[in-house]
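Subject: Structure handover

Hello,

Here is the structure I promised to pass on. Please open it next to this email; my notes follow below.

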Amino acid sequence: MKKIILPAALAFMLFGCTDLGKTLNDVNTAVQNSTGTTVPLTNADIVQGLKDALSQGATNGSNKASAVDGFNANPRIHIPFPPAAQKVADFVISIGMQSQVDKFVLTLNRAAEDACKGAAPIFIDAIKSMTVSDGLTILKGSDTAATHFLRDKCAIALGVKFKPTVQQSTQKVKLTEYWTPLTTAYNKIPTHTAVQTDLDQYVTDLAVSGIFKLVGDEETSIRTNPAARATDIMKKVFGSKDNPHNQ
C-alpha cells in the first residue's frame, strides 16, 4: 500500500527539522476503502476520529458508572469500606453489625453512581480542546492513551464537580445514618482511638478513578474491536493500515 505523507510544513512545525525524515515516516498514515483505493488519512481525520472515540467512550463509560449498581456490582470499581477505618468494620462485624456495614458500603456506591451523572459536560469540554499534536500522540500511544489525555485534562474538574453531588447524594441516601452507629459503637470503647473519615472526599476520589477505568475499557474496545467503532471516521482512523495498533 502506498503511503500518503502528512504535509511537510505541519510536520516541521510539530516536530522541528533535526530528524524530519524519521518523523515523517513515523506519522505517515493511509487507509484503503472497500474498493482497495488508497484514501489519505488527514490531520483533521485523526483529530475527529479520536474526538468521536473519546465522546463514545466518555458517554458509554459515564452511562455505565451512573447506572444503578454501576459501581456496586462492578468488582473493578466497587467502593469498599474505607481502608483507613477498616478496624471499625472489623470490630462492629464482630459484635453482630454485618448488615449495617453492608448497607453502609451500598450507600457509598450509590453516592458514586449518582455523582457520575454530572460527568458528561466536563468530558465534552476537554474533548473539544484536542489539537493535531494531541491527536498524533494519542493515535500512536497505548490502548488507553486517549483516556490518559482526558484524565490529564479534566480529572481535577471532575473532582470539583463530583464532590457537591456526592455530598448531596450521601445526604439523600442517608449515609451518615449508617456511618454514625458504626463509628459510635467503635469509638465508645475506651481503648479505641476515635475514627473520623472524610467520606465525601473518599467517595469523590474513587468515583473519578472508577469512571476513568470504564472510559479506558471503552477506548481499548474501540481500538481493538472494529465492531465497536460507531462512526465512519472512527473506522477510518482506527482501521488505518499504518496505525501502530494494526501492525
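How many helices and strands are there in the protein chain? Eleven helices and two strands. Please keep in mind that the model is predicted. Along the sequence, the order is α-α-β-β-α-α-α-α-α-α-α-α-α.

Some totals for the chain. Of its 247 residues, 44% are buried. Take the contacts with a separation of 6 or more: 79% of them are between residues 24 or more positions apart.

Next, helix H4, residues 86–94. Its buried residues are Val 88, Ala 89, Phe 91 and Val 92. What covers them includes helix H5 (98–115) and helix H9 (175–187). Gly 96 follows H4 and has a positive phi, near 95°.

Then the cavity search. Across the whole structure, one cavity of 30 Å³ or more turned up. The largest cavity has a volume of about 50 Å³. Which helices each supply at least two residues of its lining? They are H3 (43–66), H8 (145–172) and H10 (199–224). H3 gives the largest share, four residues.

The lining consists of Leu 50, Ala 53, Leu 54, Gly 57, Ala 146, Thr 147, Val 215, Glu 219, Ile 222 and Phe 238. By type, seven of the lining residues are nonpolar, two are polar and one is charged.

Best wishes

Methods:
Residues are numbered from 1 along each chain as its sequence is written. This is a predicted model: local features need pLDDT of at least 70, side-chain atom pairs count only at pLDDT 80 or more; totals for chains, interfaces and linings use all residues. Side-chain values use heavy atoms; hydrogens and water are left out. Buried means under 20% relative accessible area, exposed over 50%, partly exposed in between (1.4 Å probe, protein chains only). Contact means heavy atoms within 4.5 Å. On a 1 Å grid over the protein atoms alone, a cavity is a set of points where a 1.4 Å probe fits but cannot get out, and a pocket is an open set with protein on both sides within 12 Å along at least five of seven lines; lining residues have an atom within 4 Å of a point. Grid points are joined across faces, edges and corners, and a volume is the space filled by probe spheres set on the points. Ala, Val, Leu, Ile, Met, Phe, Trp, Tyr, Cys and Pro count as nonpolar, Asp, Glu, Lys and Arg as charged, and the others, Gly among them, as polar.
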